[in-house]
Amino acid sequence: MLTVSILKNLSANDICAIVLIIAGLFFFFTSTVGILRFPDLYTRMHATGKGDTLAVLLIISGAIVHHGLNLNSAKLTLIALFVFIANPTATHAIGRAAYRCGIKPWLKESKCTNPGEPHQ
Amino acid sequence: MLTTVYENLIVQTVCRIMVPFIQIYALYVIAHGHYSPGGGFQGGVILTASLALIFLAFGQGAVTRRINRRLAVILASAGVFIYAGIGLLCLLLGGNFLDYAQLAKILGVTIPRARSLGILGVEVGVGLAVMAAMYSIILDIAGSPAKPETKSRPISENKP
């Protein structure tokens, strides 16, 4: 079988990289589901702000494991650091701006007739 | 001048940490433009992005205090002048426009080295021009800085 022979030839490095990247894809998937299914801005941001940061970190660390230690993985580390700082800050800024604009958080009591629509 | 913006400690601190690195990266993109993807345009836009970040976090006064509209126009003209000046210098030295090999006569270096230096000079000129032009576009979009802060309404006053 082709897949069996591919799996036999994998080194420990490759397996680590594959596991990390698949974990990253899983978090991307969950945050995408969150942004599609959650009712308002705050909950959607809650889903993507954390999920995307973790997913990018996992995928980049998978790439670092795949590359080993060289200049490329150093650059990837810098990218990961940048995303790790910038992404939560941007989420915070958007959430704060939305709050100051007066967007009301979604509550279970408020009659939201169409759950797919953002609540005003 | 806009003195009180929506001040936010987290955004301002992160901005203060990241802006120097963004600008160093922009200079790297400009200087490394003839070996890797990038160059004057991309580096100039990244420089402008760092200025836009300061604008968003600290308000319009913080950037116009560093580079005002006059200086932006002067920098854009200087960038175009560097670009066209290097091109015309090559023309005066007997080559075509932007024929960097002719620069070897006045720089006193080998021809490949002169080409590399000529490209670097042109990239710097393009970077300056793009940075200043994008910056003045951002200032024009932002409009006049005279409006003071309006108080944000508390959430309970808004109707759902």
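**Figure 1. Helices of chain B.** In this predicted model, chain B has six helices and zero strands; helices (H or I, at least four residues) and strands (E, at least two) are DSSP runs numbered from the N terminus. Along the sequence the pattern reads α-α-α-α-α-α. Of the 160 residues of chain B, 38% are buried, where buried means under 20% relative accessible area, exposed over 50%, and partly exposed in between (1.4 Å probe, protein chains only). Residues are numbered from 1 along each chain as its sequence is written, and chains are lettered from A and ligands numbered from 1 in the order in which they are written. Local features need pLDDT of at least 70 and side-chain atom pairs pLDDT 80 or more, while totals for chains, interfaces and linings use all residues; side-chain values use heavy atoms, without hydrogens and water.

**Figure 2. The largest nonpolar core.** This core has 16 residues; a nonpolar core is a set of buried Ala, Val, Leu, Ile, Met, Phe, Trp, Tyr and Cys residues joined through side-chain atoms within 4.5 Å. C15(B), L51(B), I54(B), V63(B), I67(B) and Y135(B) have the most contacts inside it. At least two core residues come from each of α1 (9–31), α2 (40–58), α3 (60–66) and α6 of chain B. The largest share, five residues, is supplied by α2(B).

**Figure 3. A salt bridge in chain B.** D140(B) and R69(B) form a salt bridge, with their closest N and O atoms 3.0 Å apart. The term means a side-chain nitrogen of Lys or Arg within 4 Å of a carboxyl oxygen of Asp or Glu. D140(B) belongs to helix α6 (residues 111–142) and R69(B) to helix α4 of chain B, so the pair ties together parts 71 residues apart in sequence. D140(B) is exposed, at 54% relative accessible area, and R69(B) is partly exposed, at 38%. Over all chains, the count is one salt bridge.

**Figure 4. R44(A) in helix α3 of chain A.** R44(A) lies in this helix, which spans residues 41–67. R44(A) is buried but has no salt bridge, and the nearest side chain of opposite charge, D40(A), is 6.8 Å away. Lys and Arg count as positive, Asp and Glu as negative; His and the chain ends are not counted. A polar atom of the R44(A) side chain lies 3.0 Å from the backbone oxygen of F38(A).

**Figure 5. L92(B) in helix α4 of chain B.** L92(B) is placed in this helix. With 74% relative accessibility, L92(B) counts as exposed.

Note on methods. A polar contact is a pair of N or O atoms within 3.5 Å; within protein, one must be able to donate a hydrogen and the other to accept it, and residues adjacent in sequence count only if both atoms are side-chain atoms.
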